[in-house]
Amino acid sequence: MIENHGLAAVEAGSGAEALTILRQNGELPLCISDIYMPEMDGVTFLREALRLYPDMAVIMLTGVAEVTTAVECLKLGALDYISKPVVLEEVRARVDKALEKRELVLQNRYYQQNLESRVRELDRRNKQSLINGVQTLVHALEAKDAYTRGHSARVSKYAVKTAVQLGYSGERLEQIRLGGELHDIGKIGTREDLLHKLGPLSPEEFEHIKGHTALGEKILAPFLSESPVVLRIVRLHHERMDGAGFPDALLGSQIPQEARIVAVVDAFDAMTTSRAYRATRTPSEAVDELRRCAGTQFDAEVVDAFLRAFSDVSALPISI
Ligand SMILES: [Fe+2]
């Protein structure tokens, strides 16, 4: 009957023989077993078979008087039981059902076992699409302002090395790296004629340029909701220790240290590379300027850390 149903079948004359076959052949998807058998009864066989292969589907054949035993078998892990005398149509239906059930159990197990790695994979893909999104923004800004490209990369490098001097590592350092990379992203919204303006800026024009800090935070917020430090760097990299910075005019320790780090290295890079609206200074002139403004514009501790990280002034500015 089983073979006519399209399945391969192996027969055993007793429970002991069935166990031998199972040990030799390995797990079979489904096993149909009588309860009353010579040598080994069906309950014992069931225990042994499931000990060997816990995922095997077992259907017990029971006489009318054996309902209690059948229920016992279900408790032990049999998937189903069929009462004798058997109706072939019913056996086919129960066999199909049992095989389906087993398949489900196996799938479930597979999903459970793989859940962790699937979550990790998903996490990795999420991070990748986040990086792709951020990269798109960076390219958009670079297309508008070629200077930004090298600037952002250098600021990021300077910031990371300075942060290491201040004890940063791991994820905190990663945030500094990203914050340095993205600090000026808000300039996507800055008028092009002002980005490249040579002469002095009117108060209104300066106000417009200042807006790149808050705008950058706003642009990045949907991408970086889990990286608040990066958002703070972007918003607060033009704050000053004396409270004369923008956009929030924070004072001293109110400014997150990460933003204070980027403020110092941002200024250093702006001074030592040619930019449309500012004359280039030599690295040692720029270092003097950092020292002069330590405590007022810049965090003195950060300036010291920067100077420790780049003690060889002749190697500055770094190349990317
Ligand atoms: Fe900026």
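Reader: In what sense do strand 1 and strand 2 pair, and over how many bridges?

Author: Please keep in mind that this is a predicted model. Strand 1 and strand 2 pair in the parallel sense, over 5 bridges. Within that pairing, Ser33 has Met60 of strand 2 as its bridge partner.

Reader: And what is the order of the strands in the sheet?

Author: The sheet is open and built from 3 strands in the order 1-2-3, with parallel pairing. Strand 1 and strand 3 (80–83) each have a single partner strand and stand at the edges, so one side of each is left without a neighbour in the sheet. From one strand to the next the twist averages 25 degrees.

Reader: How many bridges join strand 2 to strand 3?

Author: There are 4 bridges between strand 2 and strand 3, and these strands run parallel. Thr62 stands opposite Ser83 of strand 3. Between the two strands the chain passes through helix 3, and this β-α-β crossover is right-handed.

Reader: Where does helix 3 lie, and at what angle to strand 2?

Author: Helix 3 lies across strand 2 and strand 3 and runs at about 175 degrees to strand 2.

Reader: Let us turn to helix 2. Which of its residues are buried?

Author: In helix 2, which spans residues 42–52, Gly42, Phe45, Leu46 and Ala49 are buried. Viewed down the helix axis, the buried residues of helix 2 fall within an arc of 100 degrees, so they line one face of the helix.

Reader: What covers the buried residues of helix 2?

Author: The cover includes helix 1 (15–25), strand 1 (30–34), strand 2 (57–62) and helix 3 (67–76).

Reader: Next, the nonpolar cores. Which residues of the largest one touch the most other members?

Author: They are Val264, Val265, Phe268 and Phe306, in a core of 39 residues. At least two residues of this core come from each of several helices, including helix 5 (146–165), helix 6 (170–182), helix 9 (212–220) and helix 13 (300–309). Helix 11 gives the most to this core, with 9 residues.

Reader: What does Val265 touch?

Author: Leaving aside residues up to four places away in sequence, Val265 touches Val155, Tyr158, Ala159, Thr162 and Phe306. Another core, of 19 residues, lies apart from the largest one; Val58, Leu61, Cys73 and Val95 are among its residues.

Reader: A matter of backbone geometry now. Which residues are joined by a cis peptide bond?

Author: Phe246 and Pro247 are joined by a cis peptide bond with omega of about 10 degrees. Pro247 is in the loop between helix 10 and helix 11. A cis peptide bond also joins Leu316 and Pro317, where omega is about -10 degrees. Pro317 lies in the segment after helix 13.

Reader: What is the phi of Glu39, and where is the place of Glu39?

Author: Phi of Glu39 is near 65 degrees, a positive value in a residue other than glycine. Glu39 has its place in the loop between strand 1 and helix 2. Glu39 counts as exposed because it has 11 C-beta neighbours inside 10 Å, and 12 or fewer is the cut-off for that class.

Reader: And what is the phi of Ala249?

Author: Ala249 has a positive phi of about 50 degrees, although it is not a glycine. Ala249 is in the loop between helix 10 and helix 11. With 12 C-beta neighbours inside 10 Å, Ala249 counts as exposed.

Reader: Is Ala9 buried or exposed?

Author: Ala9 is exposed, as 12 other C-beta atoms lie within 10 Å. Its place is in the segment before helix 1. Ala9 touches Ile2 and Glu3, not counting residues up to four places away in sequence. Ala9 and Arg23 are 14 residues apart in sequence and 16 Å apart in space, C-alpha to C-alpha.

Key. Residues are numbered from 1 along each chain as its sequence is written. This is a predicted model: local features need pLDDT of at least 70, side-chain atom pairs count only at pLDDT 80 or more; totals for chains, interfaces and linings use all residues. A residue is buried if 20 or more other C-beta atoms lie within 10 Å of its own, exposed if 12 or fewer, and partly exposed in between; C-beta atoms are placed from the backbone. The arc is that of the directions from the helix axis to the C-beta atoms. Two residues are in contact if their C-beta atoms, placed from the backbone, lie within 7 Å. Two strands pair if DSSP finds at least two bridges between them. Axes are lines fitted to C-alpha atoms, for helices over the stretch in contact, and angles run from 0 to 180 degrees between N-to-C directions. A crossover is right-handed if, with the strands pointing away from the viewer, the path from the first strand over the helix to the second runs clockwise. A nonpolar core is a set of buried Ala, Val, Leu, Ile, Met, Phe, Trp, Tyr and Cys residues joined through C-beta atoms within 7 Å.
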